[in-house]
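Visitor: I have a structure open and would like to learn how to read it. Could you walk me through a sheet and then a whole chain?

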Amino acid sequence: MLKMTPLNQAHRDMNAKMVDFGGWDMPLHYGSQLDEHHKVRQDAGMFDVSHMLPVDIKGDNVRDFLRRLVANNVDKLTLPGKALYSCMLTPQAGIIDDLIIYFLSETWFRIVVNAGTADKDVAWMLKKRDEWAPNLEITPRRDLAMIAVQGPNARAKVWQVIPNSQSATEELKQFQSAVIGQYFIARTGYTGEDGFEIILPAADAPAFWKSLYAAGVAPAGLGARDTLRLEAGMNLYGQDMDETKNPLESGLSWTVDLKSERDFIGKQILSDTVVTHQLVGLVLVDRGVLRSHQLVVGQKDGVEYSGEITSGGFSPTMNQSIALARIPAQITIGDEVDVIVRDKKLRAKVVKYPFVRNGKVLV
Amino acid sequence: MSIPTHLKYSKSHEWVKSEADGTVTVGITHHAQELLGDMVFIELPEVGRVLKQKEECAVAESVKAAADVYSPISGEVTAVNSPLVDEPGKINEDAYSAWLFKLKPSNTAELDGLMDATAYNELVENEDH
């Protein structure tokens with residue numbers, strides 16, 4: 001029996017092609033994932049991301065708990081509503097999940113975690129809570145739905161549908177959030193475009209979704225979500241990294257704070273680690289499509305090396321194939337590599353990602 | 001979408017049209033493009049290539065996956081739909097007009113072994129359940 005979000009019927013009513021996504025019955029697309037991709041880059045699209053899980057942590061010293069729990073530093077969160085992207089690590093510095101932490105007050109932080117890792121994440125948080133801070137309340141919020149409205153016109157559309165949210169959210173910068181009545185609105189997203197991610201009571205989600213649709217926001221499925229996030233150079237847990245990989249070899253050094261004095265799970269190993277691999281972008285020079293797990297080969301300073309594509313696909317905005325790949329650390333931006341695609345060697349160029357942001361091609 | 005009755009079909013979702021001049025035109029079916037999703041890349045065989053029935057001869061790549069196209073009958077490639085390479089989405093728009101290649105059959109008896117619209121429809125129906 002597949003799990004369903006509160007918007008399941010709405011998707012079916014809109015002719016979505018439904019697929020099993022990690023045990024969830026989710027929309028892959030509503031006709032054309034390429035059209036949905038372009039709509040998000042050019043106008044506004046919306047994604048049902050209710051399969052992801054908000055987890056509320058409440059109590060007297062949430063901050064202390066989070067200082068130890070995650071690799072990024074929650075002391076960067078001083079303004080209420082400010083958000084932080086971080087990895088949560090095992091003691092061996094492997095990535096349990098990547099997540100976003102919202103600081104709402106000193107006694108209330110909200111963490112949004114991935115759908116596929118939600119149970120694992122919550123179990124881990126509860127274990128650490130029991131060990132370090134038994135008075136904290138950790139509440140998985142399965143009573144809430146989440147909708148990401150993304151695109152240059154996304155915020156304007158949201159204000160059209162909920163006008164009384166405008167004054168509270170108009171001044172929000174990227175990675176800031178606000179609570180307005182039953183709505184939690186964050187200027188965050190997984191597409192590389194502007195927009196809001198909105199958390200609201202599950203029962204209110206279908207009407208809200210339909211109002212956004214009536215205001216001209218196009219429903220967009222998991223297919224477009226993947227092509228958009230790949231162009232935006234955003235990691236996908238389970239593909240670009242997992243528990244066998246640390247943040248430094250996953251393009252996530254920028255999310256790790258090793259400078260402050262605080263101890264956090266995985267800090268010791270991370271500090272002692274010699275980085276041998278890096279995550280880079282690839283643009284296929286030849287025609288074809290790069291895909292996950294394809295082998296990357298080449299020569300650097302006379303020495304042969306190999307690596308692997310972690311996420312590959314087609315960039316609708318660039319009309320070219322792109323990928324993220326984990327390759328040895330000595331390869332540099334601008335180098336050319338070969339990718340083994342169905343027994344042929346195709347040429348690709350190593351680039352610094354993101355590939356596309358705010359509708360513009362950067363590579 | 002109804003399955004055109006003037007065409008024949010292979011188990012691997014290719015359609016075949018017999019032309020007046022004795023050649024056949026080959027494409028992939030509407031059902032195939034639906035399974036694959038938005039097409040982004042097509043690789044066609046070279047004109048002059050001699051194919052055996054069921055030999056891999058072309059690739060249709062969608063955003064989701066790469067699908068091999070198998071020659072429905074044996075023969076020599078006499079033409080390929082080159083413009084399709086720049087507009088692979090035409091397959092999604094109308095799979096039965098977005099042909100891939102044409103063949104001069106070397107054994108016309110093989111055409112009799114292909115499915116008609118009714119049999120292909122049954123195949124598709126059984127797949128969906």
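Guide: We'll take a sheet in chain A, then the build of chain B. Keep in mind that this is a predicted model, where local features need pLDDT of at least 70, side-chain atom pairs count only at pLDDT 80 or more, and totals for chains, interfaces and linings use all residues. Residues are numbered from 1 along each chain as its sequence is written, while chains are lettered from A and ligands numbered from 1 in the order in which they are written.

Visitor: In what order do the strands of the open sheet in chain A lie?

Guide: Strands are DSSP runs of E, at least two residues, and helices are runs of H or I, at least four, numbered from the N terminus. Two strands pair if DSSP finds at least two bridges between them. Here five strands pair antiparallel in the order β5-β6-β7-β4-β8. β5 (83-89) and β8 (137-140) of chain A are at the edges with a single partner strand each, so one side of each has no neighbour in the sheet.

Visitor: How many bridges join β5(A) to β6?

Guide: Seven, with β6 covering residues 95-105 of chain A. For one of the pairings, look at A:C87, whose bridge partner in β6(A) is A:D98.

Visitor: And what does chain B contain?

Guide: Five helices and nine strands. Along the sequence they follow β-β-β-α-β-β-β-β-β-α-α-β-α-α.

Visitor: What are the spans of its C-alpha trace?

Guide: Along the principal axes, the trace of chain B spans about 35 × 35 × 25 Å.
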